[in-house]
Amino acid sequence: MIIAIDGPAASGKGTLAKRLADHLGFACLDTGLLYRAVARDVVRAGFRLEDIWAAVAAARALQPQELEDPDLRGTAAGDAASIVARIPEVRAALLAYQRDFARRPPGAVLDGRDIGTVVCPDADVKIFVTAAPEVRAQRRFAEFEARGAGVAYETVLADIIARDARDAGRANAPMAVAADAMLLDTSNLSIEAAFDAAVGLITRKTGH
Ligand code: CDP
């Protein structure tokens with residue numbers, strides 16, 4: 001069984017995907033980390049993020065164990081990711097890994113921007129997680145505060161708005177709600193309530 005969770009920046013899709021995977025006994029892949037890691041490797045190799053050749057080479061060379069890197073979680077890494085994510089050849093190079101992961105028995109949860117539309121159009125369940133930009137910024141700001149990252153709320157909000165525009169506006173695999181996706185607005189929901197709502201959607205769709 002494949003569960004696709006898509007949504008804009010800091011919508012809570014990563015937390016939700018992990019909770020659902022634990023609950024169902026499924027594997028979980030945060031596909032945003034793939035793009036974040038590609039951007040990191042381009043910069044480490046001394047190239048510009050817009051360098052298509054360097055980004056494609058980094059995407060092709062990416063190893064899954066290189067995703068366990070706390071530096072990938074920051075605002076700069078998210079911004080950088082959305083620049084390399086516009087390159088069609090980078091997306092193509094990451095596709096097979098994501099699709100193989102999705103087929104892991106007994107099931108997998110993948111979260112990102114294009115899981116329900118491009119990576120797994122045949123997913124059994126598709127959920128598009130949203131929340132008001134201010135709510136998302138507040139949540140991410142609290143996460144950064146807890147880690148002592150020292151970023152201003154206004155900076156986090158501006159970053160989220162800019163990144164959403166870039167992700168929704170790109171020509172290739174833009175962030176979009178799949179025609180058969182169920183919407184989950186978490187603006188007024190706690191993590192627990194969002195999880196319960198998602199379990200309800202999955203049960204209704206699959207009987208699990
Ligand atoms: O956690 P957050 O929502 O802030 O971001 P993320 O899911 O880690 O994704 C970082 C960036 O990677 C996004 O802004 C997208 O540009 C890109 N991305 C993508 O293009 N396709 C995906 N399936 C996942 C992420």
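Begin by selecting helix α2: its buried residues are L33, L34, Y35, R36, A37, V38, A39, R40, D41 and V42. Here "buried" means under 20% relative accessible area, "exposed" over 50%, and "partly exposed" in between, with a 1.4 Å probe and protein chains only. Helices (H or I, at least four residues) and strands (E, at least two) are DSSP runs, numbered from the N terminus.

A word on what you are looking at: this is a predicted model, in which local features need pLDDT of at least 70 and side-chain atom pairs count only at pLDDT 80 or more, while totals for chains, interfaces and linings use all residues. Residues are numbered from 1 along each chain as its sequence is written, and side-chain values use heavy atoms, leaving out hydrogens and water.

**Stop 1: around α2**

Keep α2 (residues 32–44) selected. Because 10 of its 13 residues are buried, the helix is largely enclosed by the rest of the structure. What covers those buried residues? Show β2 (27–30), α3 (52–61), α4 (75–84), α5 (88–102), α7 (133–146) and α8 (153–169), which are included in the cover.

Now try the distance tool on the end C-alpha atoms of α2: they are 18 Å apart, which agrees with the 18 Å that 13 residues should span at 1.5 Å a residue. The expected span is 1.5 Å times one less than the number of residues. Just after the helix, click on G46, which takes a positive phi of about 90°.

Next, go to the loop between β2 and α2, where you will find T31. Is T31 buried or exposed? At 2% relative accessibility, T31 counts as buried. Leaving aside residues up to four places away in sequence, T31 touches Q98, L110, D111, G112 and I115; contact means heavy atoms within 4.5 Å.

**Stop 2**

Look for L29, whose bridge partner in β3 is L110.

D6 has G112 as its bridge partner, and I5 stands opposite D111. In β1, I2, A4 and D6 point one way and I3 and I5 the other, and all are buried. Strand β4 (residues 125–130) also runs parallel to β1, with 4 bridges between them; A4 stands opposite K126 there.

**Stop 3: the ligand**

Select the ligand and the 19 residues around it, of which K13, R36, R140, R163 and D167 come nearest; a residue is near if one of its heavy atoms lies within 4 Å. A polar side-chain atom of R140 lies 2.4 Å from a ligand oxygen atom, and one of R163 lies 2.7 Å from a ligand oxygen atom. Taken alone the ligand exposes 530 Å², and the protein buries 96% of that (Shrake-Rupley method, 1.4 Å probe; for residues, only the protein chains shown count as cover).

**Last stop: N172**

Finish in the loop between α8 and β5 (182–185), at N172, which counts as partly exposed at 30% relative accessibility.

Definitions and conventions. A polar contact is a pair of N or O atoms within 3.5 Å; within protein, one must be able to donate a hydrogen and the other to accept it, and residues adjacent in sequence count only if both atoms are side-chain atoms. Two strands pair if DSSP finds at least two bridges between them.
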